[in-house]
Amino acid sequence: MSAPLPIPLNTADPLVLYGETFASRLLLGTSRYPSPQVLENAIKQSNPGMITVSLRRQGTSTAEAHSGFWDLLKKMAVPVLPNTAGCHRPQEVITTAQMAREVFETNWIKLELIGDDYTLQPDTLRLVSTAETLIKDGFKVLPYCTEDLILCQRLVDVGCQAVMPWAAPIGTGQGPLNPYALKLLRDRLKVPLLVDAGLGLPSHACTVMEWGFDGVLLNTAVALADDPVAMANAFAMAVDAGRTAYLSGAMKAQQSAQASTPLVGTPFWHQS
Amino acid sequence: MRVIVNQITREVPDNSSIDDVLLLIDAKPPYAVAINYEFVPKTRHAEEVLHEGDEMEVIAPVTGG
């Protein structure tokens, strides 16, 4: 079977974050792929709007294993979104963000402030003030958060121009666990909303896009697929399909059946 | 004097700058530096002098989710 064609860039209905335009509503993580070549092919195949990146200590096995990553980033020329993964305190987040800004030469930051190591749930009590500090320091903050309406509203209040609630805990692939809260968020908040974390299937991505979310950010569901390149392509198509469906206006679900084939003129029909 | 670089204790000459220590550990760009949890921009690496017990972090780009 020949490889599918790469997903084309979407210029008619771009994702707009902080006034900047992105040609895809899929944001793709770069971790856990079987090889750098597979990562590169997955990016080429899915054409994500941004790719997420991170920072680790030089001289460690992690950093050594990624020695070619910088060259790959330069070669791919896709906008990067550094994260603050693994940070448990606001000061760690702020310093990591400032270091990322210098290394990656970007003001974008995916704010991760972990409150619980078991679920990787964000520290919702300190997330808002941390986001505010970063915004005052000139960052374009995309906060990874829970689906709590008030939390998300407060993040918007302090200047976040987009919010990224989780669908489920990072890396679980469970899909949206709280559809009610996510749909409520979409109804109540006017800023761009991206579902970040917990998606496992293209149908999950399609579903949240059908609900009106503006984009999705995912990593593990692609990286750990048997064929990450094909799965990246599937997610990109699912995101596009969900977005198109949302814009198309879905029919209202009904309880009783309604024949789609005209009844008038049905052969062999007799009035009883 | 002793400083801690990426959690490893190292003996460095007194009045060593960040650049001196980066040279000592053979840091390879791109990198960024923090001292005692505070970011220090590269424009200050030549002038910023370390002190006994300082904790220096030198980080590099890696993949992320």
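# Two chains, one predicted model

Chain B has a mean pLDDT of 96, and 100% of its residues reach 70 or more. Keep in mind that this is a predicted model. On the scores for the model, ipTM is 0.96 and pTM is 0.91.

Let's start where the chains meet. On chain A, 27 residues are in contact with 21 residues of chain B. Which elements of chain A each supply at least two residues of that side? They are β4 (50-57), α2 (61-65), α3 (69-76) and α4 (90-104). The largest share comes from α4(A), with 7 residues. By residue type, the side of chain A that touches chain B has 9 nonpolar, 15 polar and 3 charged residues.

There is strand pairing across the two chains as well. β4(A) pairs with strand β5 of chain B, residues 55-63. The sense is antiparallel, and there are 5 bridges. For one pair to find on screen, take Ser54(A): its bridge partner in β5(B) is Val62(B).

Ile35(B) is bridged to Glu38(B) in β4(B).

Now the turn. How many residues lie between the strands in the hairpin of β3(B) and β4(B)? There are 2 residues between them, and Asn36(B) takes a positive phi near 50° in this hairpin.

Two more backbone features deserve a look. Most residues other than glycine have a negative phi, and most peptide bonds are trans. In chain B, the bond that joins Pro29(B) and Pro30(B) is cis, with omega about 0°. Pro30(B) sits in the loop between α1 (18-24) and β3 of chain B. In chain A, look at Arg32(A). This residue is not a glycine, yet its phi is positive, about 70°. Arg32(A) lies in the loop between β3 (26-29) and α1 of chain A.

Two packed helices are described by the angle between their axes and the distance between the axes. Take helix α1 (residues 36-46) and helix α10 (residues 228-248), both of chain A. Their axes are 8 Å apart, at an angle of about 25°. Angles under 35 degrees count as roughly parallel, and α1(A) and α10(A) are therefore roughly parallel to each other. The crossing is right-handed.

Who makes this contact? From α1(A) come Val38(A), Asn41(A), Ala42(A), Gln45(A) and Ser46(A). From α10(A) come Pro228(A), Val229(A), Ala232(A), Asn233(A), Phe235(A) and Ala236(A). The contact of α1(A) with α10(A) counts 7 nonpolar residues, 4 polar and no charged.

Next pair: α4(A) and α5(A). The axes of α4(A) and α5(A) come within 10 Å and cross at roughly 30°. That makes α4(A) roughly parallel to α5(A). The crossing of α4(A) past α5(A) is right-handed. On α4(A), the contact residues are Pro90(A), Val93(A), Ile94(A) and Ala97(A). On α5(A), they are Arg126(A), Ser129(A), Thr130(A), Thr133(A) and Leu134(A). This contact of α4(A) with α5(A) has 5 nonpolar residues, 3 polar and 1 charged.

Last stop, a sheet in chain A. What is the order of its 3 strands? The order is β6-β9-β10, with parallel pairing, and the sheet is open. β6 (108-111) and β10 (164-165) of chain A stand at the edges. Each has a single partner strand, so one side of each is left without a neighbour in the sheet. Strand β9 of chain A, residues 140-145, and β10(A) pair in the parallel sense over 2 bridges. Cys145(A) stands opposite Pro165(A) in β10(A).

And α5(A) comes back here. This helix, residues 124-136, packs on the sheet and touches β6 and β9 of chain A. Its direction makes about 170° with that of β9(A).

Conventions
Residues are numbered from 1 along each chain as its sequence is written. Chains are lettered from A and ligands numbered from 1 in the order in which they are written. This is a predicted model: local features need pLDDT of at least 70, side-chain atom pairs count only at pLDDT 80 or more; totals for chains, interfaces and linings use all residues. Two residues are in contact if their C-beta atoms, placed from the backbone, lie within 7 Å. Helices (H or I, at least four residues) and strands (E, at least two) are DSSP runs, numbered from the N terminus. Ala, Val, Leu, Ile, Met, Phe, Trp, Tyr, Cys and Pro count as nonpolar, Asp, Glu, Lys and Arg as charged, and the others, Gly among them, as polar. Two strands pair if DSSP finds at least two bridges between them. pLDDT is the predictor's confidence in each residue, from 0 to 100. Axes are lines fitted to C-alpha atoms, for helices over the stretch in contact, and angles run from 0 to 180 degrees between N-to-C directions. Angles under 35 degrees count as roughly parallel, over 145 as roughly antiparallel, 65 to 115 as roughly perpendicular and the rest as oblique. A crossing is left-handed if the near helix is turned anticlockwise from the far one by less than a right angle, and right-handed if clockwise.
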